[in-house]
Amino acid sequence: MRRVKMLVLALSFLFSLILLDGCKAQKVQQPQVTPAVVQTPVLEQFEKELTKVVESVSPSVVTVLSRQEVNINPFDEDFPFPFPFQIPQERRSLGSGVIIDYKNGKFYILTNNHVVQNAQKIRVRFDPHMEKDARLVGGDPRTDVAVLEVDAKGIDNPAARVAKLGNSDNLKVGQLVIAIGNPYGLERTVTVGVISALRRSIGLTQYESYIQTDAAINPGNSGGPLVNIKGEVIGINTAIVAEGQGLGFAIPINLARWVADQLIEKGKVVRGWLGVVIQDITPEIAETIGIKEGVLIAQVMPSSPAAKAGLRPGDVIIAINGEKVSEVRDLQFRVMKTKPGTEVTLRIVRDKKETDVKVVVGELPESPPSAEAPQQTENLGLSLRDLTPTEQSRLGVKGVLVMGVVPGSPAYRSGVRPGDVIISVNNQPVDNSTQFWQRIEEIKRAGRDRALILIRRGGNNLFLVLYLR
């Protein structure tokens, strides 16, 4: 029995040694863990392609420097007596531009109209050591597009500097874009983002269908190109929202090129014109008239093509030449690009019945007449129309509707924006545009250069100081 116990004890000790040795062996045999190697071929390829795009487009991007002389009042608005004369002062502005054509030894450069508007002298900087005088071919405040002409003599390989233009009609939200320009004078700054939205209207010009992007755009970027990943210019950077970040807007290149071609060929932009004031159909209006899509005619200008064709306020246009019209911009842009003298067929709804009306499109005059009286901008940069009875009832006020504000104009600098309703001038009510201009004339005859106006904006009243110069 003693021997058996000794044998069991020996076997147990031996088994323990075997287990211990096995654990040590297992520990030694475990593979060593090494840090993972990050593979980045896709990112590296994207980086290379992005660099190539920037390098290919950058030679077409220029700096636009303009100079103008303005007259200023040496005293502030609280000075009790009018100053007898104005003091001239030089004002300089800086923007960007993109070369879109080269022919007959000349560069044609696309930029924003507000960059060069009223400039006495314009210079274009191609490189740090190359700067030339520019001639303004023409500017279009209705789209904020301008074209400059510059002699290409002395610039190496000028044809290689012409940008490749894309097709802005094929853009989609989410596509990658690159903005190139000269923000705050920092030449050829590059920012990257995506297309955030399309067909935006922000109330800066009469014809708007902006590309919205989160690619950083700052003062000085105006007129520079917005580029896709193929290196094609698909927009002209134009505006920012000062109160927000990541909100930049660019004119679609198809619209900018259409305007530029006319400025180069004719020196002005010729647009088709019907002579109607139209508005979108809101849910409230749709519920009232029983029509959900189309555009509602609010006013018809006297002796206009629309008046001659028999169109009336209250008619709803639902199609033009068989193509559906769903909002104001649809009709506005189709008519704009129609050659004056062309007959078009409008499908309208009148008294709940559909009918076709043929209209011979006219040419948009420089100062279209209103339904009540000729528009008088008085250099304020304002386009106005009277409120309709329906609008007066909906808003609960009488006044005049601001249809457009020219960028850089006195009205624009005063803070007036399209969509505002002017209710009073110097605390005197204005029921129509005729009264408004009469009030303005009275103030100017009294030697004053500003007026206090009350506007309705977004359901709230707001006082603004309207500068008259």
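A: A close look at one residue

The side chain of Gln212 makes a polar contact with the side chain of Arg200, at 2.7 Å. A polar contact is a pair of N or O atoms within 3.5 Å; within protein, one must be able to donate a hydrogen and the other to accept it, and residues adjacent in sequence count only if both atoms belong to side chains. The model is predicted, with local features needing pLDDT of at least 70 and side-chain atom pairs pLDDT 80 or more, while totals for chains, interfaces and linings use all residues. Residues are numbered from 1 along each chain as its sequence is written, and side-chain values use heavy atoms, without hydrogens or water.

Gln212 belongs to strand 11, residues 210-213 (helices, H or I of at least four residues, and strands, E of at least two, are DSSP runs numbered from the N terminus). With a relative accessible area of 9%, Gln212 is buried (buried means under 20%, exposed over 50%, partly exposed in between, for a 1.4 Å probe and protein chains only). Beyond its neighbours within four places in sequence, Gln212 is in contact with Val194, Ile195, Ser196, Ala197, Arg200, Leu247, Gly248 and Phe249, where contact means heavy atoms within 4.5 Å.

The largest nonpolar core has 37 residues, and Val98, Leu110, Val147, Val233, Ile236, Ile251 and Ala256 touch the most other members. Such a core is a set of buried Ala, Val, Leu, Ile, Met, Phe, Trp, Tyr and Cys residues joined through side-chain atoms within 4.5 Å. Helix 4 gives the most to this core, with 6 residues. Another core lies apart from it, with 21 residues, including Leu380, Ile443, Ile455 and Leu468. Val98 itself, its neighbours within four places in sequence left aside, has contacts that include Ser60, Val62, Tyr108, Leu110, Val233 and Ile236.

Helix 4 also carries a charged pair. Asp261 forms a salt bridge with Arg257, the closest N and O atoms being 2.8 Å apart; the term means a side-chain nitrogen of Lys or Arg within 4 Å of a carboxyl oxygen of Asp or Glu. The two residues are 4 apart in helix 4 (residues 253-266), so about one helical turn separates them. Asp261 is partly exposed at 27% relative accessibility, as is Arg257 at 22%.

A second salt bridge joins Lys268 and Glu363, at 3.6 Å from N to O. Lys268 lies in the loop between helix 4 and strand 15 (272-273) and Glu363 in strand 22 (residues 362-363), so this pair ties together parts 95 residues apart in sequence. Lys268 is partly exposed at 40%, and Glu363 is partly exposed at 39%. Arg329 and Glu327 meet in a further salt bridge, also at 3.6 Å from N to O, and Arg329 is buried at 17%. The search of the whole structure finds 25 salt bridges.

Phe46, Leu50, Leu176, Val177, Ile178, Val192 and Ile229 line the largest cavity. Strand 9 gives the most to this lining, with 3 residues.

Methods. On a 1 Å grid over the protein atoms alone, a cavity is a set of points where a 1.4 Å probe fits but cannot get out, and a pocket is an open set with protein on both sides within 12 Å along at least five of seven lines; lining residues have an atom within 4 Å of a point.
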